[in-house]
Amino acid sequence: EFMQASWDIEEVQAKGIQHLASLVKDKSAFPYLLKFPKVITFAMKTHVTSLKLQLDGCRLLLEILSQALEQGVVMALDESVAACLRVTVRKHAGNEELLSLLCTVLMMVSASEVTAENLRKVGIIPDLLSILRRFLHNDEICFSCCGVLWSLAVSENNADQEVLESAVSVTSAVLQKYLQNGALAESACSALWALSLQGCLTDNDYEPTTALLLDALRMNPERPLLVKNGCLALASLLRVSEIAALTFITDSKGNGIDLIKDVYHLYFNDPGVVGAVCLLVKEMAQYDEVVLDLLSQKMDKLLSEIKIQFPFS
């Protein structure tokens, strides 16, 4: 009420955010935390030119979201809150410190389907792509933005097709730059999988994206989620492109069939990874030239082994 009575006075809003920050430290205040984001983000929007208020507001939002996650609560933000966050993103598009905090906030809230839909409605995707292009050198920003893209692109009813198509090149650039950063490569692979599911890749994308995903699998075999989502992304590409299928078996760094055999032997007890491998093999089998390679590599025996391992799957 103290903040709502004086929205236009920056000092009041700053003191209000400081007071809320002191309340957050009290674990017993958790039931009230769900009401805070709307007040905080409106204060940020009203005084969007104040960098300090934006930074303090973002830090407070992160603290609240972290506490919510600890309690197993994924906070859903309405469209007005999403719009306030977008205003801050656009006003401070060049401030790396603030964007690092803000993109982390966006990644955390986008785990909610409701919030992801609201972020789409307010048009946040072009802003995320601009941030990625501008701050490709910042691994924290890239990690968060790819996480948000994954959440926003994975929807089956996505109206942002044209915008998402422009996300393919920048997401690929992130993966190329951070192939050896396991967590970030995992986030970028997941985003590419979501983009491929939406049919966002063009004929010119299939060959380089297939080769890039193979590189990610080779360099990060110890990350099961990356391996699973990488295989699912490859399956999505092979489903629609013979170019992708031929790239898969003729890649200059090694035949993809050898790679997925290695993946299976590493994760033969993981039903998620094995299921992704099976889906990938299924998509490969629609191309005669690839089938010959599958047979010469004795993939039929491996599939029989999988059937015995997972008889009811």
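Biologist: How are H14 and H17 oriented to each other, roughly parallel, perpendicular or antiparallel?
Modeller: The model is predicted, with local features needing pLDDT of at least 70 and side-chain atom pairs pLDDT 80 or more, while totals for chains, interfaces and linings use all residues. Residues are numbered from 1 along each chain as its sequence is written, and side-chain values use heavy atoms, without hydrogens and water. H14 and H17 are roughly parallel to each other, a label for angles under 35 degrees.

Biologist: At what angle do the axes of H14 and H17 cross?
Modeller: They cross at roughly 20° and come within 8 Å. An axis is a line fitted to C-alpha atoms over the stretch in contact, and angles run from 0 to 180 degrees between N-to-C directions. Helices are DSSP runs (H or I, at least four residues) numbered from the N terminus.

Biologist: Which residues of H14 meet H17?
Modeller: Among them are Val227, Leu234 and Leu238 of H14, and the H17 side includes Val273 and Leu280. Contact means heavy atoms within 4.5 Å.

Biologist: Changing topic, where does alanine 233 lie?
Modeller: Alanine 233 lies in H14, which covers residues 224-240.

Biologist: Is alanine 233 buried or exposed?
Modeller: Alanine 233 counts as buried because its relative accessibility is 1%. Buried means under 20% relative accessible area, exposed over 50%, and partly exposed in between, using a 1.4 Å probe and protein chains only.

Biologist: What does alanine 233 touch?
Modeller: Leaving aside residues up to four places away in sequence, alanine 233 touches Cys189, Trp193, Ser196 and Leu213.

Technical notes: Helix = DSSP H or I, 4+ residues; strand = E, 2+ residues; numbered from the N terminus. Parallel < 35°, antiparallel > 145°, perpendicular 65-115°, else oblique.
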